[in-house]
Amino acid sequence: SLEHAPYSPDWATSNYYFRRNLKQFLRGKRSSSSKEAITAVDGYFAELPKSHYRDGRKLLEDNWNKYIKVKGDYIE
């Protein structure tokens, strides 16, 4: 199994980017069931423009390249 640091570039940026607005979207909403919550989240992602995913992948790729360039040292 692969070991990952808590803030490795393959998790921190992608998680933050893709979930940042979802958290804001869900703020204050209440669901009466898991199915209802899943439907709301599925709807949120279905409504995102394709550019959202493209931009997220580009950001992740840029961070990976920075990480490779510094040979695994910490990056911001």
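The average pLDDT of the chain is 78, and 72% of the residues score at least 70; pLDDT is the predictor's confidence in each residue, on a scale from 0 to 100. This is a predicted model, in which local features need a pLDDT of at least 70 and side-chain atom pairs count only at pLDDT 80 or more, while totals for chains, interfaces and linings use all residues. Residues are numbered from 1 along each chain as its sequence is written, and side-chain values use heavy atoms, with hydrogens and water left out.

**Overall layout**

- The chain holds three helices and zero strands, where helices (H or I, at least four residues) and strands (E, at least two) are DSSP runs numbered from the N terminus.
- Read from the N terminus on, the elements follow the order α-α-α.
- Mean pLDDT is lowest among the elements in helix α1 (residues 12-26), at 74, and highest in helix α2 (residues 34-47), at 91.
- Where pLDDT is low, the predicted coordinates should not be read in detail.

**Surface and contacts of the whole chain**

- Of the 76 residues in the chain, 16% are buried; buried means under 20% relative accessible area, exposed means over 50%, and partly exposed is in between (1.4 Å probe, protein chains only).
- The chain has an accessible surface of about 6,600 Å², and carbon and sulfur atoms account for 56% of that surface; such areas come from the Shrake-Rupley method with a 1.4 Å probe, and for residues only the protein chains shown count as cover.
- Taking contacts between residues at least 6 apart in sequence, 56% join residues at least 24 apart, a contact being heavy atoms within 4.5 Å.

**Helix α3 and its buried face**

- Helix α3 has 20 residues and spans 29 Å from its first C-alpha to its last, which is close to the 28 Å expected at 1.5 Å a residue; the expected span is 1.5 Å times one less than the number of residues in the helix.
- The buried residues of α3 are His52, Gly56, Leu60 and Asn63.
- Seen down the axis of α3, these buried residues fall within an arc of 65 degrees, so they line one face of the helix; the arc is that of the directions from the helix axis to the C-beta atoms.
- On the other side of α3, the residues Lys50, Arg57, Ile68 and Lys69 are exposed.
- His52 belongs to helix α3, which covers residues 50-69, and has a relative accessible area of 9%, so His52 is buried.
- With neighbours within four places in sequence left aside, His52 is in contact with Tyr17, Phe18 and Asn21.
- Just after α3, Lys71 adopts a positive phi of about 55 degrees.

**Aromatic pairs**

- Rings of Phe, Tyr and Trp (its six-membered ring) pair if their centres lie within 6.5 Å, with planes under 30 degrees apart counted as stacked, over 60 as edge-to-face and the rest as tilted; by this rule there are two aromatic pairs.
- Phe25 and Tyr44 make a tilted pair, at 5.0 Å centre to centre and with 35 degrees between the planes.
- Because Phe25 lies in helix α1 and Tyr44 in helix α2, this pair ties together parts that are 19 residues apart in sequence.
- The ring centres of Tyr44 and Phe45 are 5.1 Å apart and their planes stand at 75 degrees, so this pair is edge-to-face.
- Phe25, Tyr44 and Phe45 form one aromatic cluster, in which Tyr44 is buried at 10% relative accessibility, whereas Phe25 is partly exposed at 28% and Phe45 is partly exposed at 25%.

- Val41 is found in helix α2 and counts as partly exposed, at 23% relative accessibility.
- Not counting residues up to four places away in sequence, Val41 touches Leu22 and Leu26.
- The C-alpha atoms of Val41 and Phe25 are separated by 9.0 Å, and the two residues are 16 residues apart along the chain.
- Phe45 also lies in helix α2, and, again without residues up to four places away in sequence, Phe45 touches Phe18, Leu22 and Tyr53.
- Between the C-alpha atoms of Phe45 and Phe18, 27 residues apart along the chain, the separation is 9.5 Å.
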